[in-house]
Amino acid sequence: MAITPWGIALGGGGSRTFAHLGVLLELEAAGLAPSFVAGGSLGALLGALYAAQPPEAPNPAARAASHAIEYFESKKNLGGRRRPPKNDRLHQRSGWFARLRKGLAVSSLALATSFRSGLFRRHPMHRVVDDWFGGMDFASLRLPFACVALDLTVAEERRFDAGPLAPALKAGVAIGFVFQPFAHGENLFVDAAPMTPVPVLACRALGAACVLAVDVSAPVESVSRFDTGMEVALRILAAGQKRMSAEELSRADLAIRPDAQDVFWGDFTRCREMVERGRQAMRAAMPSWMDRIGRSST
């Protein structure tokens, strides 16, 4: 039975996105390869790396995974070293001490961002983009590829699928509030994750009839207490993000969620572990996916 050309949509999530490579590896082992790739944030970088493998080279997923793991393991300044455990135990206390710590943290963040557009001016992933994709164009990729970003200038999501590759990836990787927006052309861009955690529609816009979505975003957990107005505001934003995420994922033919929630998004010491978790998630979903893309061709 012929299989309809399909696409894969890879969401953002920092170091958790290495699970995407595991999903691609498991698909490759099953003899399946997407015809279209879309990604957001760091998921876009890994998706682009997969799409950038030479057409004549065998096992593109294995090549991409090997390259990404070796790169991040060699760059200790990119989170390749575990953070030492806290020893003051203030973060473990309850009652007044807990409220004091929370209040100080919120006040510090509010003060730090009152006079600049982000906590950090330089994004460490820009170096990764330059090292991997400097001088490349979308047209030079092996597969049709798209990445998404939030255009702050016009307050809309932007899909990039043509032109220089590196600026488009930099536009979509900056986490708003944490990093300063990226200037591209006359507009300013940040990570589109609050609107589009997994770019399913961007993948369909490339021409994919079926879309496999891979979501490694953190779930919105229940909270019973809010001590500051900023916490209330952030919770309102989280509620909107939760709804938009559900709507976007509902447009996929199948959505899988690798077990990634216990991994801190900035900890790149567990990349190999995340790859294996991605393989496990895809292995469990393989019968459903095979059935889905098989039915689509009848």
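Which residues have the most contacts inside the largest nonpolar core?

## The nonpolar cores

In this predicted model, the largest nonpolar core has 64 residues. Those with the most contacts inside that core are Ile8, Phe18, Leu27, Phe145, Leu169, Leu212 and Trp289. Apart from it lies another core, made up of 18 residues, among them Ala9, Leu150, Ala213 and Ala252. In soluble globular proteins, nonpolar side chains tend to be buried together.

When its neighbours within four places in sequence are left aside, Leu169 is in contact with Ala44, Leu45, Ala48, Val129, Phe133, Phe145 and Cys147.

Strand β2 covers residues 36-40, and five of its five residues are buried. Phe36, Ala38 and Gly40 point one way from the strand, whereas Val37 and Gly39 point the other way.

Strand β1 (residues 6-10) pairs with β2 in the parallel sense over four bridges, and Gly7 has Phe36 as its bridge partner in β2.

## Helix α3

Helix α3 comprises 15 residues (residues 60-74). At 1.5 Å a residue the helix should span 21 Å, and its end C-alpha atoms are 21 Å apart, which agrees.

The buried residues of α3 are Pro60, Ala61, Ala64, Ala65, Ala68, Ile69, Tyr71 and Phe72. Seen down the axis of α3, these buried residues fall within an arc of 165°, so they line one face of the helix.

Definitions and conventions
Residues are numbered from 1 along each chain as its sequence is written. This is a predicted model: local features need pLDDT of at least 70, side-chain atom pairs count only at pLDDT 80 or more; totals for chains, interfaces and linings use all residues. Side-chain values use heavy atoms; hydrogens and water are left out. Helices (H or I, at least four residues) and strands (E, at least two) are DSSP runs, numbered from the N terminus. The expected span of a helix is 1.5 Å times one less than its number of residues. Buried means under 20% relative accessible area, exposed over 50%, partly exposed in between (1.4 Å probe, protein chains only). The arc is that of the directions from the helix axis to the C-beta atoms. A nonpolar core is a set of buried Ala, Val, Leu, Ile, Met, Phe, Trp, Tyr and Cys residues joined through side-chain atoms within 4.5 Å. Contact means heavy atoms within 4.5 Å. Two strands pair if DSSP finds at least two bridges between them.
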